Amino acid sequence: MNKIVSTDLHAQDISTIQSSAQPAERIAVGRRGFLSAGAAIGGGLMISLVLGKARPAMAAAPTTSTVNAFIVIGTDNAITMITPGGEMGQGINAGLAQVMAEELPVDWTTIKTQQAPFGAQFGRGATHSQVTGGSNSMRGWFPLMLQAGATAREMLLAAARQTYPSAPQPLKAVAGAVQDANGAKLATYGQLAAVASTIALPAAAPILSGPGSYKLIGTSMARPDVKLKVNGSAVFGIDVRLPGMVYAAVRHCPTLGGTVKSVPAAPSGSQVVNLGNAVAVTGANTWQANSRAKSLAVTWNLPTASALTLADSAGLASAAQTLMTSATPAIAEQIGDVTAGMAAATKKLNVTYSVPYLAHACMEVLNCTVSIKKDASGTVTGCEVWAPTQAPDWVAATASKLTGLPLAQVIVNAMFMGGGLGRKIEQDYVTQAIKVGLAVNKPVKLTWFREEDFGRDWFRPSALSRVQVGLDAGGAITAWSNRIVSPSLTRSHGGVPKNGLDGISIGHATALPYANANRLVEYIEQPSAIQIGYWRSVGESISAFVVESVIDECALAAGSDPYQYRRTLLAGNTAALGVLDAAATLAGWGTALPAGQARGIAFSPGFGSLCAIVAQLALTATGTVKVVRISAAVDCGTAVNPGQVVGQMEGAILHGMNAALWQQATFAKGVPAVRNFGSYPMGRMADCPKIDVTIVSQGSTLGGIGEVGVPGVAPALANAYATLTGTRKRSLPLGIVVAPKGES
Amino acid sequence: MITLKVNGTSYQVSSDPSTPLLWVLRDELGLTGTKYGCGVEICAACTVWIDGSPEKSCDENVGSCAGKSITTIEGLSPLAGGATHPVQLAWIESQVPQCGYCQSGMIMAVAALLKGNKKPTDAQIDSALSNICACGTYPRVRAAIHKMIGV
């Protein structure tokens, strides 16, 4: 057991984990902007570089001093980067550390990373947001990380000037040590750490080295967390273990919208907690807790039959059709005159597309661990949460609300996520764990079994989209009209769509890059009792399937090559053409293919980046098709770690393929049909095509990389299929490829 | 009491014999490297070796494991040394993991494959690895194996 020992005077502020399963050197992080190291493994004490002491927890305006929460230097030269982005596989811990290490500077192989806990000093922007979503982490924290590294460097240099007053100036920081003007090493960062911790923060923002001299940014550095992820020592949320902890499992009402009517007495040795729409049951281990939850004779209040039509796939599909033709839409975009443009057309398309609800299926199911402290009178005096979360600040707000504690007294540890995909931004599982923690008076880990994770997801919304296009004799677009019927993410999160519009649900259906003077994009909110949420590329995953499929239909109607047709409509858009051309070149677009094969292309900008995908399909002897190859080009501005950028694209392509080919979440009168992977296919090794990715560097602004690769996959596959077979698929999942072995 | 031999160490566990091995490893022995993914033998995140053979621990009753030799990801190479099994080293070199959640099971499956087949074909790799990886690390899994076997 590795006990963490605090070395500062605010032990009560220090979050600690004591567990046989924890990595040996987890650093205790104070909530107030100062950091301290724990005991070293051998029992020696590390003194940390303590920067920016005792900052006010939440109310402070952002200042340059907030950067100093991010770097910890021990006297033994151990350097830990406290990285603010939520690590769910995208490599953001390493990426943000890489940016800090660029300016520090330090030997990359010596650093460790640790996820920041809840704390305003780790947030970005005026709201101190700690939310990881919308591919915003690198974009949002990049400038702050540069400042963090540079500020720490300046303080170490100041410490060296103070310690070695007669050393030839100017001093220079090089790879973990300070040198004098002649290049002679004066001291390591570790040797300077104690003095540096007494140096006042620089008054002015430090000078940054600038893109021209980057040594780490733009290089495929190895991720520090990978070593922990190949030997089982990485601690995901589900792996947290606390002394005296009990295990709890959740069972929700089988019908969406249902509530607990009655709960029988708790089985011997357990506690049962009524959570409103679910019950939680404790046990000596997760399995026992879940077995008890499953067998508990709970009775439920079910929604009325009419209410359940809003949670029924057939009912919702029918309602969407009615809304499409009878509801008054809100206007998302109106440019030019679509009626006149349509009148001028020589060819017209009128096509309707649909996409289903989708689950997240993160490999790590939802879980949350909570330790609540109460005084003798039962008043809550402390609350510490360990959660796989994309939003530690939202978790803190949830905990504060439920416990009555001020935010400053809530500790939230953001753990590694076994996938997040937008699901782990929600607060339902956190809320449940805190309620159970309050009820059972012991530390508790609450886990959802897979069936609960699927059944009570916040699903990617369904959509029905009707597109009418006018083309002139040359194939140019004279009018484009797109009417979207889809539930509102804003409303599902307690808001009201402004002017009847929901930007996330509409995605990239507006502001299309293609030449066209007459545009109309409309949105109709569909009432739905399905809980909908964020998902890897959410709205863009819907709009890109529709738009890029219809552009392909236009190309084929005009008798044009789909790639050249897009080139014509993107004329003058150098950045877009750069990416489109790179994907086409990578895929060998226009070169001969074996008989029975075809390619399809899609261009899909989003999240501040540009992406183009080419899919190559082959007909099989049984009449189904096989995905042979996916080629992708992406421009995300600065590729901080090109190897990880490629990894994100590979992952996005597989995520997009799973959804495009096989997946859908359906509901029968409120009862979710998907409860495990048996009815929610996920591709395996055997299903993975050859994937090639090229990074296009053309001086663009820094963009996101986690999601931009997803949206283009479905239309590229559908477009290839249309070229291959002559059949246009306008509904997802495409159902053109046999589902992974052993699954339905 | 059931006697379990895990990673060379004997443990006495008092769990109900019908408890899946997975949960005994994780909750009773604190060996949390082995992961829960589906509980129904589909995703293979829980893969461990039982008497040297890769098995899904979510569907092995702990009672049936008494006296058998169990190897988990923590026992694949000495933890104190970091990660020194050839598959672990290859995984680091090729930077295979993303979220990493499925990789314990993936690595145990790959290491088992390579124990019995020094140079598997792509078809044999596909057939041996039924593990679900939602991050889509499959191209790197294949590339890392190819590098190890000199393909």
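This is a predicted model: local features need pLDDT of at least 70, side-chain atom pairs count only at pLDDT 80 or more; totals for chains, interfaces and linings use all residues.

User: Good. Which residue stands opposite Ile372 of chain A?

Analyst: Opposite A:Ile372 you find A:Cys383, in β15(A). In chain A, β14 (residues 367-374) and β15 (residues 380-387) pair in the antiparallel sense, over six bridges.

User: And what is the strand order of the open sheet in chain A?

Analyst: The order of this seven-stranded open sheet is β9-β10-β7-β17-β14-β15-β16, with mixed pairing. At the edges are β9 (272-274) and β16 (410-414) of chain A, each of which pairs on one side only. On average, neighbouring strands are turned by 20° against each other, direction ignored.

User: Which helix packs on the sheet?

Analyst: Helix α10 (residues 428-440) of chain A does, and its direction makes about 35° with that of β14(A).

User: Switching to chain B: how far apart are the end C-alpha atoms of α6?

Analyst: They are 17 Å apart. At 1.5 Å a residue, the 12 residues of α6(B) (138-149) should span 16 Å, so the two values agree.

User: Which of the residues in α6(B) are buried?

Analyst: B:Tyr138, B:Arg140, B:Val141, B:Arg142, B:Ala144, B:Ile145, B:His146 and B:Ile149.

User: What covers them?

Analyst: The cover includes α17 (642-661) of chain A, along with α3 (86-93), α4 (103-116) and α5 (122-128) of chain B.

Technical notes: Residues are numbered from 1 along each chain as its sequence is written. Chains are lettered from A and ligands numbered from 1 in the order in which they are written. Side-chain values use heavy atoms; hydrogens and water are left out. Two strands pair if DSSP finds at least two bridges between them. Helices (H or I, at least four residues) and strands (E, at least two) are DSSP runs, numbered from the N terminus. Axes are lines fitted to C-alpha atoms, for helices over the stretch in contact, and angles run from 0 to 180 degrees between N-to-C directions. Contact means heavy atoms within 4.5 Å. The expected span of a helix is 1.5 Å times one less than its number of residues. Buried means under 20% relative accessible area, exposed over 50%, partly exposed in between (1.4 Å probe, protein chains only).
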